[in-house]
Amino acid sequence: MPFCDIIIEERGENMYFYSGKLSLGKCAQTDRFIFVNDFGYCQDYSTMSTYRENGRADYQLIYVKHGALTIYEQGKKHSLTSGDICLFRPNEPQIYTIDGENTTHYWILFTGSEVEKMVEFFKKRSYHIGAFPEFEQFC
């Protein structure tokens with residue numbers, strides 16, 4: 001069985017979606033310490049909307065390489081820009097958009113028995129961390 005299925009899609013002029021879905025399937029739950037369910041990036045998107053009222057079953061970490069991604073949370077808008085990272089925990093609503101500016105963002109979807117301990121320092125939705133080439137190399 002292959003490690004993962006690689007998906008590459010052209011979604012418009014100069015807009016690309018890259019993803020590596022692991023062979024255990026979508027949102028695989030596990031009692032492992034940590035397990036990556038999916039990873040990838042959207043390159044040079046100028047428009048995109050994600051609306052997950054009930055979130056996902058796993059954690060999602062988003063890193064904005066360049067451009068801007070707008071998150072909507074409890075009726076408020078929050079803009080993520082180059083070098084920002086954002087964490088959504090399981091079952092948290094996920095509403096975010098890209099409007100107009102070419103944006104590249106990376107994501108990792110993960111789960112595991114000890115993940116909450118690993119991310120407990122995330123006291124707010126997002127942080128500015130600057131350049132993060134290791135994230136880009138992983139995805």
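Trainee: Is Arg 56 buried or exposed?

Mentor: Buried means under 20% relative accessible area, exposed over 50%, and partly exposed in between (1.4 Å probe, protein chains only). Arg 56 has a relative accessible area of 11%, so Arg 56 is buried. Please note that this is a predicted model, in which local features need pLDDT of at least 70, side-chain atom pairs count only at pLDDT 80 or more, and totals for chains, interfaces and linings use all residues. Residues are numbered from 1 along each chain as its sequence is written, and side-chain values use heavy atoms, with hydrogens and water left out.

Trainee: Where does Arg 56 lie, and which side chain does a polar contact join to that of Arg 56?

Mentor: Strands (E, at least two residues) and helices (H or I, at least four) are DSSP runs, numbered from the N terminus. Arg 56 lies in the loop between strand 3 (35–52) and strand 4 (59–66). A polar contact is a pair of N or O atoms within 3.5 Å; within protein, one must be able to donate a hydrogen and the other to accept it, and residues adjacent in sequence count only if both atoms are side-chain atoms. Here the side chains of Arg 56 and Asp 58 are joined by such a contact of 2.7 Å.

Trainee: What share of the chain is buried?

Mentor: Of the 139 residues in the chain, 45% are buried. The chain has 9 strands and 2 helices.
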